[in-house]
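Welcome! Let us walk through a protein model together, one feature at a time.

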Amino acid sequence: LSGVRAKLGRAYEHLSALYDEIARLSEQYANTTFVDFSRDSEWHVVSIRPFPEFPLRLSLIAGDFFINARAVLDHIVWQLVLREGKQPKNTNDFPIFTDTEKFIHEVKSPTKKSEQRSPLYGIPVDGDAWAIIERAQPWNHSKIDGLQPRHDMLAALALLSNIDKHRIVFVSMPLVDQKILSEAVGWTPSDIQPVEMRLAAWGPLSHEEPTEVMRLRFPTDTEVSMHMKRRLRIGPTFGDENTQVGGLRSIYERISKIVDEVGALPRVNG
C-alpha cells in the first residue's frame, strides 16, 4: 500500500495548507469588528455585517484535498483486486452509497449481465476486504454516529470530489455555532438575564447585507447594553449552493482508518 499511503500523505499536505490559509484569514479578520447590535422594539438584535467573499485560492486547495482523498479509496480497491490475483479494470472503484438497496443492487448482487460492472468486481463478496468496504458505507457507518447517511463523512467526500471535478467548490462562511455565539455575546448589567433568546437557524452568512444571528429580550423596564466578550473565529464550509460541509479533518481521519484496516489484512497472493 505504499502508493496508497503516498496519496494519503499528499491529501494531508493539501489539508494542512488549507487550514494554514484559514488561520491566516482568521488573523486578518480578527482585527475587524463584524458584529452589530440594534433594537427592534423590545428585542436586542445581534447581526453580523456582510462577510467578505473568500479568496478563490481556498476553493482550489480544498478541491485538491477532495480529489486526492477520493483517489486514495479507489487506489485501495485496485490493490485489493490485485491481492486476489486478478487484473483490475477501469470500472473498479471504491463505492460510496447512502442507500442499502442501491448498494446491494449495483455492487453486492448485480445481475449476471452487469456483474463485471460492479465497482468491487474481483473482490470476494463478504470476504475480509469486502467487509471493510461495506462497513465503511454511509448507510452502515452512520448507525455508529447516529447520523443520517447523507451526513456521513464519506458521503460528504463523494459529493465534494464530484463537485470539484465539474466546477469550483463554493466556500461559505456559515452562521457561528450557537453555543459559541451565546457564550461570546455579553450585556451590561451582567446580573440581568434575558427572559427569551432566539438563535437563527444554521446557514451561510450573507455577502450583501447583515445577517441576523440572535435576538434577546430582557425584563421590561431594564436598560441593557450589548457587547462582545470575545471575537468570533472563522470556520468556512465547502460545497455548492445546496449543500455545505465542514469538518474536513474528519474526512481525512475516516480514510486513514480505512487504509489502516486494509493494511492489516493478510496477503492472499504475492
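## Before we start

A residue is called buried when its relative accessible area is under 20%, exposed when it is over 50%, and partly exposed in between (1.4 Å probe, protein chains only). With that in hand, Asp 240 counts as buried, because its relative accessibility is 9%.

The model you see is predicted, so local features need a pLDDT of at least 70 and side-chain atom pairs count only at pLDDT 80 or more, while totals for chains, interfaces and linings use all residues. Residues are numbered from 1 along each chain as its sequence is written, and side-chain values use heavy atoms, with hydrogens and water left out.

## Salt bridges

Here is a general idea to begin with: side chains of opposite charge can pair when their charged atoms come close. A salt bridge here is a side-chain nitrogen of Lys or Arg within 4 Å of a carboxyl oxygen of Asp or Glu. The structure holds 18 of these salt bridges. Let us return to Asp 240, whose side chain meets that of Arg 167 in a salt bridge with an N to O distance of 3.3 Å. This pair links distant parts of the chain, 73 residues apart: Asp 240 is in the loop between strand S8 (237–239) and strand S9 (244–245), and Arg 167 is in the loop between H6 and strand S3 (170–172). Helices (H or I, at least four residues) and strands (E, at least two) are DSSP runs, numbered from the N terminus.

Which residue forms a salt bridge with Glu 261? The partner is Arg 135, and the closest N and O atoms are 3.8 Å apart. Glu 261 belongs to helix H8 (residues 248–263) and Arg 135 to helix H4 (residues 128–136), so the pair ties together parts that are 126 residues apart in sequence. Glu 261 is partly exposed at 24%, and Arg 135 is partly exposed at 41%.

Glu 84 and Arg 83 form another salt bridge, with 3.6 Å between the closest N and O atoms. Are these two residues buried or exposed? Glu 84 counts as buried at 19% relative accessibility, and Arg 83 counts as buried at 10%. Salt bridges can also join into a network, as they do for Glu 21, Arg 24 and Arg 57.

## Strands and sheets

In general, strands of a sheet pair through backbone hydrogen bonds, either parallel or antiparallel. Two strands count as paired if DSSP finds at least two bridges between them. Strand S1 (residues 35–40) and strand S2 (residues 43–48) pair in the antiparallel sense over six bridges. Within this pairing, Asp 36 has Ser 47 in S2 as its bridge partner. S1 and S2 form a hairpin with two residues between them, and Ser 41 in the turn has a positive phi of about 60°.

Another three strands form an open sheet in the order S3-S8-S9, with antiparallel pairing. S3 and S9 stand at the edges with a single partner strand each, so one side of each has no neighbour in the sheet. Three bridges join S3 and S8 in the antiparallel sense, and Phe 170 stands opposite Gly 239 in S8. Strand S8 also holds Thr 237, which is buried at 5% relative accessible area. The side chain of Thr 237 makes a polar contact with the side chain of Gln 244 at 2.8 Å. A polar contact is a pair of N or O atoms within 3.5 Å; within protein, one must be able to donate a hydrogen and the other to accept it, and residues adjacent in sequence count only if both atoms are side-chain atoms.

## A closer look at H6

How far apart are the end C-alpha atoms of helix H6 (residues 153–166)? They are 20 Å apart, which agrees with the 20 Å that its 14 residues should span at 1.5 Å a residue. The expected span is 1.5 Å times one less than the number of residues.

At the start of H6, a side-chain oxygen of Asp 152 comes to within 2.9 Å of the backbone nitrogen of Leu 154. Leu 154 is one of the buried residues of H6, which also include Met 153, Leu 157 and Ile 163.
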